[in-house]
Amino acid sequence: MKILKSNPFLALANNYMIDAPEPSNISYFWNFGSLLACVLVIQIVTGILLACSYIPNMDLAFLSVERIVRDVNYGFLLRAFHANGASFFFIFLYLHIGRGLYYGSYKYPRTMTLNIGVIIFLLTIITAFLGYCLPANQMSFWGATVITNLLSAVPFIGDDLVHLLWGGFSVSNPTLNRFFSLHYLMPFVIAALSVMHLIALHTNGSSNPLGVTANMDRIPMSPYYLIKDLITIFIFLIGINYMAFYNPYGFMEPDCA
């Protein structure tokens with residue numbers, strides 16, 4: 001391990017992934033963090049590749065999505081992984097939050113970890129909504145229109161805020177351009193916040209099912225929990241591959257398929 005500790009970047013990875021002291025009694029409910037990291041990487045990679053062929057234009061957006069699915073090499077697979085990955089991300093996120101609430105992981109001194117996690121959750125909702133609007137077909141067009149009209153509830157300036165967000169008097173090209181720009185940017189913000197979430201977690205250590213301090217009984221992350229995380233990641237990869245290859249539109253509405 002001297003090699004890992006000699007380099008500052010490797011030493012950082014060593015402190016977080018190998019020698020990090022973890023409670024000896026945490027269950028598989030604590031694996032959703034690593035699953036979320038895995039899904040986020042898949043979403044960023046597939047999203048960048050999809051963005052290479054997407055056109056943020058009201059007349060061409062849906063046609064560009066169809067072209068990705070029909071003409072781009074393995075485009076259908078990229079879209080299937082990206083769309084189903086978003087659904088898996090929310091499933092794991094809800095389970096991750098539910099575990100934290102059930103076991104009291106939000107209590108002092110881990111309140112900062114919770115606060116950053118809530119911000120990540122809200123940004124994920126916004127990012128998913130922006131991505132949902134990008135095909136600009138029947139469902140996504142009216143979805144964008146209805147949700148953005150929520151701003152009209154703001155007293156006095158609501159209508160002006162809606163028109164500012166649209167860049168006009170309806171969902172149109174400027175709307176799609178800014179939605180695409182923000183949808184591309186947000187995952188990197190989420191990734192940065194995830195690193196902050198991890199730093200806040202390791203500052204005070206992970207919680208455990210008993211809800212008491214585990215400082216007297218900790219074991220290193222590797223190989224114990226590293227292998228344990230890899231087991232659930234492997235199961236998840238089987239699940240997302242099944243959805244992408246055999247039921248790619250299982251999580252979508254018929255109009256979006």
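1. A quick definition before we start: a patch here is made of residues with over 30% relative accessible area and no salt bridge, and nonpolar side chains are joined into one when they lie within 5 Å. Keep in mind that this is a predicted model.

2. With that in hand, look at the surface: Y28, I227, L230, I231, F234, I235 and I238 make up a nonpolar patch there, and together they have about 710 Å² of accessible area. Y28 sits in the loop that runs between strand 1 (21–23) and helix 3 (32–51). Y28 is classed as partly exposed because its relative accessibility is 44%.

3. Now the inside. The largest nonpolar core has 28 residues, and L35, F88, F89, F92 and F236 are the ones touching the most other members. Helix 3, helix 5 (75–102), helix 6 (111–133), helix 9 (173–204) and helix 10 (221–246) each give two or more residues to this core. Helix 3 supplies the largest share, eight residues.

4. Leaving out residues up to four places away in sequence, F236 touches L35, C38, V39, I42, F88 and F92.

5. There's also a second, separate core, with 16 residues; A51, L130, L134 and F179 are among them.

6. On the record side, the unreviewed UniProt entry annotates "transmembrane region" at residues 28–55, 76–97, 112–134, 141–158, 178–203 and 224–245. Two of these are worth a look in the model. Residues 112–134 are 96% helix and 0% strand, with end C-alpha atoms 33 Å apart. Residues 178–203 are 100% helix and 0% strand, and their end C-alpha atoms lie 37 Å apart.

How values were computed. Residues numbered from 1 in each chain as written. Predicted model: local features only at pLDDT ≥ 70, side-chain atom pairs only at ≥ 80, totals over all residues. Heavy atoms only, no water. Patch = residues over 30% accessible without salt bridge, like charges linked within 9 Å, V, L, I, M, F, W, Y side chains within 5 Å. Areas by Shrake-Rupley, 256 points an atom, 1.4 Å probe, with all protein chains shown as cover. Salt bridge = Lys/Arg side-chain N within 4 Å of Asp/Glu carboxyl O. Helix = DSSP H or I, 4+ residues; strand = E, 2+ residues; numbered from the N terminus. Buried < 20%, exposed > 50% of the residue type's maximum accessible area, 1.4 Å probe, protein only. UniProt positions renumbered as here; feature names shortened; annotations may be inferred. Core = buried A, V, L, I, M, F, W, Y, C linked by side-chain atoms within 4.5 Å. Contact = heavy atoms within 4.5 Å.
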